Amino acid sequence: MSTATLPPITPLTKKDFQTDQEVRWCPGCGDYAILSAVQSVFPELGIKRENFVVVSGIGCSSRFPYYMNTFGFHTIHGRAPAVATGIKAIRPDLEVWVATGDGDALSIGGNHTIHMLRRNVGLKVLLFNNRIYGLTKGQYSPTSELGKKAKSTPFGSLDRPFNPISLAIGAEATFVARSVDVFQSHLKETLKHAAAHKGSAFVEILQNCNIFNDGAWFSLTERDARSEHIIQLEHGKPLVYGKNRDKGIRRKPDGDIEVVQLGNGISESDLVIHDAHHPLPLYAFLLSHMETRPGFPTPIGVLRDWNDLPRYEDVMNQQIADVIAKRGAGDLAKLLRAGDTWEVK
Amino acid sequence: MSTLIETPPVKHKREVIDRAVIRFAGDSGDGMQITGSQFTNTVALYGNDIATFPDFPAEIRAPAGTLPGVSGYQLHFSSSDVYTPGDSVDVLIAMNPAALKMNLADLKPNGILIVNSDAFTENDLRKAQTKTNPLEDHSLDKYRLFSVELERLTKVALEHLGIDAKSISRCKNFFALGMCYWLYNRSMEPTVRWIDAKFKNKPLLVEANKLAMKAGYSYCEATEAFQISYEIPPAQLAPGFYRNLSGNQALALGFVTASQKSGLRLFQGSYPITPASDILHELSQYKDFGVMTFQAEDEIAAITSAIGAAYAGALAITTTSGPGMALKTEALGLAVAVEIPLVICDIQRGGPSTGLPTKTEQADLLQALFGRNSEAPIPIIAAATPSDCFWAALEASRIAIKYMVPVIVLSDGYLANGAEPWKIPNVDEIPAFPVKFATEINGPNGYLPYKRDPQTLARPWAVPGTPGLEHRVGGLEKQDVTGNINYEPLNHENMVRIRAAKVASIVQEIPDVVPAGDAEGDLLIVAWGSTHGAITAALKSQRAQGRKIGHVHLRYLNPLPANLGDVIRRYKTVLVPELNMGQLLWVLRAKYLVDAIGLNKIQGRPFKQAELEQKIEELLGENSQ
């Protein structure tokens with residue numbers, strides 16, 4: 001695009017996306033970092049401010065729209081994907097982001113989450129996962145670990161948790177990524193990848209709740225140990241991790257994967273090369289399961305980014321355009337007089 | 001086709017009558033709904049006034065031949081006004097013993113009874129839980145019984161076509177239809193056209209159905225079975241073009257019209273539910289009008305997607321029945337709080353819970369009025385007849401947009417599936433209600449999303465994508481004018497009162513009620529919804545006997561018309577007939593402190609005219625002055 005012929009535009013800045021509303025998250029909440037990252041990324045997307053819509057459900061994370069100086073809609077618990085689907089259906093040109101949490105998206109709104117993903121509605125979904133119910137003051141969530149002692153589970157939770165990434169891939173999401181609230185640059189890069197995706201982009205953001213679940217992701221964020229527990233995925237690069245980048249993920253003959261120590265005849269060329277663009281979700285699903293297996297790292301970054309599926313709002317509007325092209329635009333008088341009619345004189 | 005429909009010279013007696021009620025009854029798989037609707041279409045096209053009552057089970061195919069599997073279609077047609085499908089029937093077509101058993105009580109003494117005698121084997125009788133064969137035990141002596149071997153005669157007529165036995169058997173309803181066309185001296189031409197279109201790609205079925213119908217017609221002619229046929233001349237309807245219209249079709253056409261008249265894209269979010277699904281089926285055909293239909297994953301997504309579409313600038317609707325309304329409750333509150341236009345259609349059915357999915361009831365009125373947490377008033381409009389659903393949809397859309405509110409339209413199973421002639425309006429005479437979205441900043445320091453129109457109290461509608469009008473809305477309590485989150489006690493009270501005042505102010509749209517019948521007198525009937533026809537018929541009959549009765553049929557149930565209280569006080573007694581336990585009655589007693597009396601029927605069926613007349617006579621005395 002040539003900029004020479006366009007009138008000069010003052011580029012948007014982070015400040016343009018901040019509102020005058022007092023931010024009411026607890027001091028030290030991971031949500032501040034996510035808000036800051038989003039406010040930094042939005043001005044870089046080349047989209048007019050009035051074309052952004054931020055939609056949320058209920059929960060701490062869902063206060064997000066009030067702090068974004070865009071169009072914003074704070075809806076009801078779990079329903080943000082459905083509201084956002086309605087917006088996109090009518091206005092496919094808008095850039096619609098959904099802010100949601102582990103309870104909002106995976107418990108009360110689980111149905112809408114999976115159906116939005118299977119339809120591939122062009123929404124960017126930020127799932128703030130702190131593995132706890134914060135706004136209702138500390139009950140376990142659908143991502144809390146088995147045995148979690150919380151307000152409603154003094155003897156430990158009996159529920160096996162959802163892995164949000166596995167769930168999204170299972171619902172055939174076309175873009176699935178994960179980042180962490182405190183990894184600001186990684187988070188911003190991940191958000192930019194999500195923004196560039198056409199269809200549904202599902203981003204799980206591991207987030208700390210320092211009031212009700214402090215250290216929710218301690219083993220991943222703790223400075224000394226994090227490189228041993230996290231593997232950063234990059235498309236086209238081998239799956240290497242570790243403080244000394246001395247561990248990797250290798251395919252086994254049976255199709256499964258294993259962790260290997262580099263050296264002693266094993267080099268990076270033996271490792272899996274990350275392919276986020278594969279049309280099938282099988283490999284991404286395998287990666288998403290690593291963290292549940294002993295000795296495996298937790299993946300962050302873009303697990304899956306497959307761009308060949310049309311967006312739901314586009315096929316919806318295309319179908320209408322096709323019918324109009326075939327039948328011509330509807331004539332109301334004709335419609336009312338359709339079928340068998342008779343005249344009374 | 002001319003040879004098929006030519007009326008042979010009349011050898012039998014033909015009698016001209018004013019009206020008739022006919023009911024087709026058979027197994028769910030016997031095609032009774034198609035048979036009934038074909039007969040209806042034909043007499044409507046001829047110019048009779050009509051009212052229909054399709055009555056079918058919730059099961060798609062209950063075990064064949066059993067009592068729960070019986071499906072019926074009743075039609076009342078006349079050369080003068082028709083208000084109801086008729087209390088009792090002149091002609092009953094019973095395709096099997098179960099259909100006979102379930103419907104015989106409604107056949108008038110000396111009425112015509114056509115039965116498919118091939119379906120009265122011992123096995124058939126056992127499935128219908130009938131001990132003796134009614135065709136042989138003289139239990140039918142008081143009717144004019146025509147025992148016809150529908151199965152065998154259809155087979156004889158079609159066997160040369162070389163189609164399978166099952167397909168032949170499925171044509172026997174058209175044999176019966178042909179007989180009825182002969183009986184009422186009606187042309188087969190409209191049904192011939194329908195068969196041609198319906199089985200366009202199956203020439204053998206076109207041939208089979210036409211032949212079966214023709215065989216039924218010829219059978220009557222050749223055997224002189226009935227000895228008499230009837231002629232019901234066209235009704236004197238107001239001049240104009242007419243079509244036959246059901247309530248659900250009318251709603252769909254009403255919303256397309258509202259879309260065109262408002263200039264807004266129509267968005268329907270819906271989840272299939274009986275008896276509302278036909279609205280989705282209808283609207284999904286109108287993509288050439290830009291109509292966007294979205295079959296959501298559940299009732300909640302159906303309404304919330306519609307809320308999203310409305311937020312983005314569409315004329316958004318969601319259509320459902322009582323159980324779906326219950327699921328939409330929380331989202332209705334959101335629409336109230338964010339003050340966004342939305343139309344919700346509740347096609348009521350028998351409840352509670354799953355209840356009677358295919359049967360009619362009016363028991364969602366209080367749910368519509370109050371079925372939300374906290375103070376969440378919503379305007380309500382009720383349709384009175386099938387074709388009135390068109391106008392109800394249009395009016396609800398207009399009010400929703402003008403006042404920036406969700407509006408509930410109440411219809412029911414009886415209106416949804418029932419049909420009547422509709423005088424097709426001139427499109428140009430329907431007023432437009434173009435929408436003006438907000439485009440300008442309306443405050444000194446920026447856009448104020450809750451700055452209201454002083455007359456309607458509506459807030460501006462600023463759709464995303466409008467430069468400079470970026471703002472936030474949501475379900476949290478907000479400050480008026482700015483829309484900022486606000487939890488202050490007095491602000492909350494102020495906002496609750498504003499939302500209530502806005503809905504109350506819609507009364508300025510509502511014409512004063514003018515009672516039908518007597519403007520004052522002994523009895524006022526106040527009612528709403530699908531009871532309109534039966535009450536109109538009862539009123540006419542009772543007033544002809546000299547009783548002083550008025551009838552107010554409420555289209556607007558919230559807010560109520562301004563003069564309703566005054567009108568109520570002009571009568572000695574107030575009767576409120578409803579297909580529920582007394583919901584409007586409850587509202588009227590609470591609001592007007594009137595000792596109104598209820599007439600309540602909760603049987604999944606509409607009122608009969610006689611039931612209403614009996615109640616009127618009970619209240620006013622048997623003998624009129």
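How many residues does the contact take from chain A and from chain B? In this predicted model, 50 residues come from chain A and 59 residues from chain B. On chain A, six elements each supply at least two residues of the side that touches chain B: strand 2 (71–74), helix 2 (80–90), helix 4 (110–119), helix 10 (312–327), helix 11 (332–336) and strand 12 (341–344). Helix 2 of chain A gives the most, with 8 residues. By class, the side of chain A that touches chain B has 24 nonpolar, 17 polar and 9 charged residues.

Strand 12 of chain A also pairs across the two chains. It is joined to strand 9 (residues 240–246) of chain B by 4 bridges, and the two strands run antiparallel. A:Val344 stands opposite B:Gly240. A:Glu343 has B:Phe241 as its bridge partner.

This pairing belongs to an open sheet of 3 strands, in the order 12(A)-9(B)-16(B), with antiparallel pairing. Strand 12 of chain A and strand 16 (419–423) of chain B stand at the edges. Each has a single partner strand, so one side of each is left without a neighbour in the sheet. On average, neighbouring strands of this sheet are turned by 35° against each other, direction ignored.

Chain B is assigned four domains: domain 1 (2–231), domain 2 (243–429), domain 3 (436–509) and domain 4 (516–620). The centres of domain 1 and domain 4 of chain B, taken over C-alpha atoms, are separated by 37 Å. Their contact takes 4 residues from domain 1 and 7 residues from domain 4. On the domain 1 side, these residues divide into 2 nonpolar, 1 polar and 1 charged.

Helix packing was examined within chain B. The axes of helix 7 (residues 172–183) and helix 9 (residues 203–223) of chain B come within 7 Å and cross at roughly 45°. Helix 7 of chain B is therefore oblique to helix 9 of chain B. The crossing is right-handed. Residues of helix 7 in this contact include B:Phe174, B:Phe175, B:Leu177, B:Met179 and B:Trp182. Helix 9 contributes, among them, B:Ala212, B:Met213, B:Tyr217 and B:Cys220. By class, the contact of these two helices has 14 nonpolar, 3 polar and 3 charged residues.

Note on methods
Residues numbered from 1 in each chain as written. Chains lettered and ligands numbered in written order. Predicted model: local features only at pLDDT ≥ 70, side-chain atom pairs only at ≥ 80, totals over all residues. Contact = placed C-beta atoms within 7 Å. Nonpolar A, V, L, I, M, F, W, Y, C, P; charged D, E, K, R; others polar. Pairing = 2+ DSSP bridges. Domains from an automatic or database assignment. Axes fitted to C-alpha atoms, helices over the stretch in contact; angles between N-to-C directions. Parallel < 35°, antiparallel > 145°, perpendicular 65-115°, else oblique. Left-handed = near helix turned anticlockwise from the far one by under 90°.
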